[in-house]
Amino acid sequence: MQEIKKEIMRYGGEAVLRARGRFLCFVGAYLLELASIVAILRKKRLFLLLFLCCLLLVSCGRKKDAAMYDDPGRPAYGDMIITGSIGEPSNLIPILASDSSSHDIAGYVYNGLVKYDRNLNIVGSLAEAWVISSDNLSITFKLRKGVKWHDGQPFTARDVMFTYRVTIDPKTPTPYSGDFKLVKKAEVLDDHTFRVTYDKPFAPALISWSAAILPRHLLEGKDITTSPLKRKPVGTGPYIFTEWVPGDRVILTANPDYFEGRPHIGRYMMKIIPDTATMFLELKNNSIDMMGLTPLQYVKQTDYPAFKREFNRYKYLAFAYTYIGYNLKHKFFQDRRVRQAFACAINKKEIIDGILLGQGIEATGPFKPDMWAYNGNVRKFEYDPEKAIALLKEAGFERGPDGRMRKNGVPFEFTVLVNQGNTVRIQSAELIQRRFSAIGVTMKIRVLEWATLVNDFIDKRSFDAVLLGWTIPNDPDLFDIWHSSKQGPKELNFTSYENKEIDELLVKARHTMDRAGRKKYIDRMQEVLAEDQPYTFLFVPYATVALHRRFKGVDPGPAGIMHNFIDWYVPENQMRYKINAAVSR
Amino acid sequence: MLQYLAKRLVFMVPMIFGITLVSFAVIHLVPGEPGMLEAEMNPKVTREARERIRAFYGLDKPLYVQYWTWLKRIVRLDFGTSFATDRRPVIDKIKERLPITMLINLLSMGLIFIFGIPIGVYCARYKDSIMDKSLTSFVFAGYAAPTFWVALLAMIFFGVYLEMLPVSGIKSYDFSDMNIFEKVGDVSKHLVLPVAISAVGSLAGISRYMKSSLLEVLRQEYITTAYAKGLPEKMVIRRHALRNALLPVITILGLSVPGLIGGSVIFESIFSIPGMGQLFYFSVMARDYPTIMGILVIGAFLTLIGNLIADVSYAVADPRIRIG
C-alpha cells in the first residue's frame, strides 16, 4: 500500500510545491491583515490600503500543466475513476432497492441476460443468443459458458431460474415483480439453456430479462432481506465489490476475468457528497472525476479555459421529458380545443433558452428523437397566441372587458402543481403563467413537497394541472401511462385520459414482437397524442456531464456515455491513482 | 436533594412517553410511506407490489397497533430495524454515525467556550471601546451569516483556491496507508473548516451571555466593596466577579448535551460528514419511521437528562439556590 502514496507523490508533487508557494502568499496576507488590525486599533486609516494589498497578494494565480492530457496515449490497465453521488446506496441487491445510487453500483457488479448497446439495440450479456418461438410466445436463452461469479462458482441457468422465482415470491418485498409475473412458465433446459413462455406475445419481454441475475448458491433457502449480499454483493459483472465505508464511499475493483474482457480502469469509487454545491467544488478541486452538471454549471460556470484544460464536457439527450398534464375530468380541459390552445400559447423555445440555457430540445411527444420509436412527423403547435385565442373562442370562451377568458360567466382560472426543489420546473411554470395571462387565462402555481403532491393531490385526483416529468423508458411500452384501464388508485394514467384508438394501439404494440410492426402502432399513437394534447409536451433536456480529460475512449451515443465504460482507459503516463497495485486478487 | 432527584426522574417517564406519542403521531401524519418514495410514479412498480411492501413493513395495520408494537420493543431498548431498503438495525445506524458528530460538536463547543468566554469578559470590561464594538460586530456577523454560505466561501478560498485544506469529507483517499501521526494530521486537517465554522456561528450566544452576566455582577455592591478594599482589578474580576458571572453558563452547558448528538443537517451535508444530522434528514426524507423515532427518543432522553444535570449542578455550584 505504500506504493500508492509514492505514486500520488510523484503525480501530486508538483501540486504540493505550488501549494507551498501559495501558502507563503497566504502567510504574507495574514501578516498584512494583522498589521491592518493594529492600524485600526491605532485609529489610522491606512488599513484599507493594506487590505487591498493583501487581496492582491493572495490572488497569485495557479497554473496547471494539463497539456499532457491532449495525448490520446495507448490503452492501459489501471487508475481509478471517482464519481460523486448525492445519495448513499441503500441495498446492493437490486430487486430490493429503489434508489438510483444502489442501481448505479449494482449495474457494475451484476449482469442481466441482455442489455442495451450504444444505439439502444438489445444485445446479449449473460445470454450469448436467444431464439423467439414462431408463435412469439416463448424465448429460449442460450447462456454464455464459462462465466464465473466473483466468488469463483460457475454461473448456470439455475441462477436465472432462482432470480425469476425470488422476484415473484410474495415474501420478497420488491417493487419490480410486474414484468416477471406475466411469465406463464419458466424452465431450465440444461445448464446453459433457459426458456420462458408467456400467455400472450409480450413485446417488452426480452428486455425485462436485463434485470440483474442473482447468485443462487448464496441466496437460496435464505431470507433475502437479511442476506449479507445487500452490503457485500457478489455478481458476474465487470467490477467486483471491494469496500463500502458507510456515509462516505463505495469502492469496486475491475474483474480481471470479466467475460467481455478485463475493464481498463482499475477501480471505480462512488464518493457520497450530499450537497451539489460541495460536489461541484470537489470537481473543480480534482477530487472527483465525473459529475452531472446543471445547465447553469454547463453554460456559465465551467466554460472557461482552465476548467476545459482539465475536463471534457459531454452532452446527450436525457431519457426524460417535462410536460403539463391536465386533469381531464376538469370541465374546461375536457375540450380538446382548450388543450390545443394551450399548446399554442406556450412558447417552448423561450423556456429552453431562458431556463435550460439552451440545453434542451422541444418535445412533441413521449419519446426523444434518437430513439427508434420516435415519430417526428406529428402535428406541431408553434407559439401563436392569436391562434390560441381563436381556439378558445371556438370552444365557447369569451374575452371579458377585464381581458379574462370566461365561459358562461365563469372565468378561466386554474392551479398548476409543481414539486418543490425542482427549480427548472418552477421557473418553467412562471414563464407559462405569463404566456397564459396574455391570452386571458389565469394560472396559479402551487409548489408542494413531492410526497404531498403525489399522495394528497395526484392520488386523490384533486388537481387541475401538474407540471412534472416522466423518465422515457428504453422500451417504448407506454401502456401504464396512457391506457384507460390504468386509472385506479396509485396507477399512472392520473389525468384520466381515455381514447379508444390509443387503447387499441397500446395493446397491439404491446403484443407485437416484430419491431417494424410494432413501430407502426407506436407511430400512429404519437400522431393521436399530438393531435389530442392530453399533455402539453414541453421539452427534453440534455444530460450534461463533466469528465476528467485523462479518461479516453468515451463514445457518447443515444444511450449516454457509460455504455462502453469497460473500454475507457487512462494512458500510462496520465494515470493519477495507481491503486491497482494494491489489489490483492 | 435525593428526594428531589428521585422526583424528577419519576416525572421523566410520562414525559418521555408523551414525547414518543406526539412524535409518532406527527411523523405518520406526513404524507408518503417508507420504501415507496423513489418508487412513486414509477411505471415498473405495480400496485400489487406496493401492497406487498406495505404488508412487509406492517403499514397495513391500524396506527395504534403500530405504535403499540413499537412501544413494546422500545421498553426493552430494542430500536427495531430500519425501514430503509437496507433493513439494518436502527441502533447500528446510529452507532456508526454518532462518534463523528460527537467529536465535531465537542471540539466546536470547546472552541466556543475557549473563545466565547474571554470575548465576553473583554467586552464587559472594556464596554463601548472600539475593540468591544468590533468584537461584537464580528460575533454577530458570524451569527447572522448563513452557515452554508460561509462554509462555501471558506471551502472555495481554503480548498479550491489556496489548496491548503480539503474541501469536504473527513478522511483522505489514502487514509488507510498512513501511519498514526499522518492519520491524526489528516483528520484534523479535514476538521478545521467544519469545526471553525460551526464555532463561529455560535460564538455570539455565549459571549453575549457572558458579557451581560458579567456586567450585571460588576454593578453589585460587593464588587464596589472589593474595589474599595484596594484589590487590584484583575483580582476583582477573576476572583469575585467571574465566579458569579459563570453560573448561568452551567445552564447553557446542560442544555447543549442533546445538541452533542444532534448534529446539523445543512452543515453535515455541505461538508459531506456522515453524521447524525444527515442520518436524521435522510430518514425523514425516506419516511424511515423506526430510525426517526430512535433518534427522537434518544434526543428527548438526553434533553431531559441535560436539564436535570443543569438544575442539579446549579444547585451544587450556587449555595444561594441550595440553601435559600
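## Basis and confidence

In this predicted model, local features need pLDDT of at least 70 and side-chain atom pairs count only at pLDDT 80 or more, whereas totals for chains, interfaces and linings use all residues. Residues are numbered from 1 along each chain as its sequence is written, while chains are lettered from A and ligands numbered from 1 in the order in which they are written.

The predictor assigns the complex an ipTM of 0.76 and a pTM of 0.80.

## Where chain A touches chain B

Contact (C-beta atoms, placed from the backbone, within 7 Å) links 52 residues of chain A with 43 residues of chain B. Helices and strands here are DSSP runs, numbered from the N terminus (helices H or I, at least four residues; strands E, at least two). On the chain A side, two or more residues come from each of helix H1 (2-41), helix H7 (276-284), helix H14 (450-458) and helix H15 (479-482), and H1(A) gives the most, with 9 residues.

By residue class, this side of chain A divides into 24 nonpolar (Ala, Val, Leu, Ile, Met, Phe, Trp, Tyr, Cys and Pro), 16 polar (the others, Gly among them) and 12 charged (Asp, Glu, Lys and Arg).

## Helix H12 of chain A

In helix H12 (residues 385-394) of chain A, Ala388(A), Ile389(A), Leu391(A) and Leu392(A) are buried, that is, 20 or more other C-beta atoms, placed from the backbone, lie within 10 Å of their own. They lie on the same side of H12(A), because they cover an arc of only 160° around the axis, taken from the directions from the helix axis to the C-beta atoms.

The buried residues of H12(A) pack against helix H10 (336-345) and strand E16 (405-407) of chain A. After H12(A) comes Gly396(A), whose phi is positive, near 100°.

Key. Two residues are in contact if their C-beta atoms, placed from the backbone, lie within 7 Å. A residue is buried if 20 or more other C-beta atoms lie within 10 Å of its own, exposed if 12 or fewer, and partly exposed in between; C-beta atoms are placed from the backbone.
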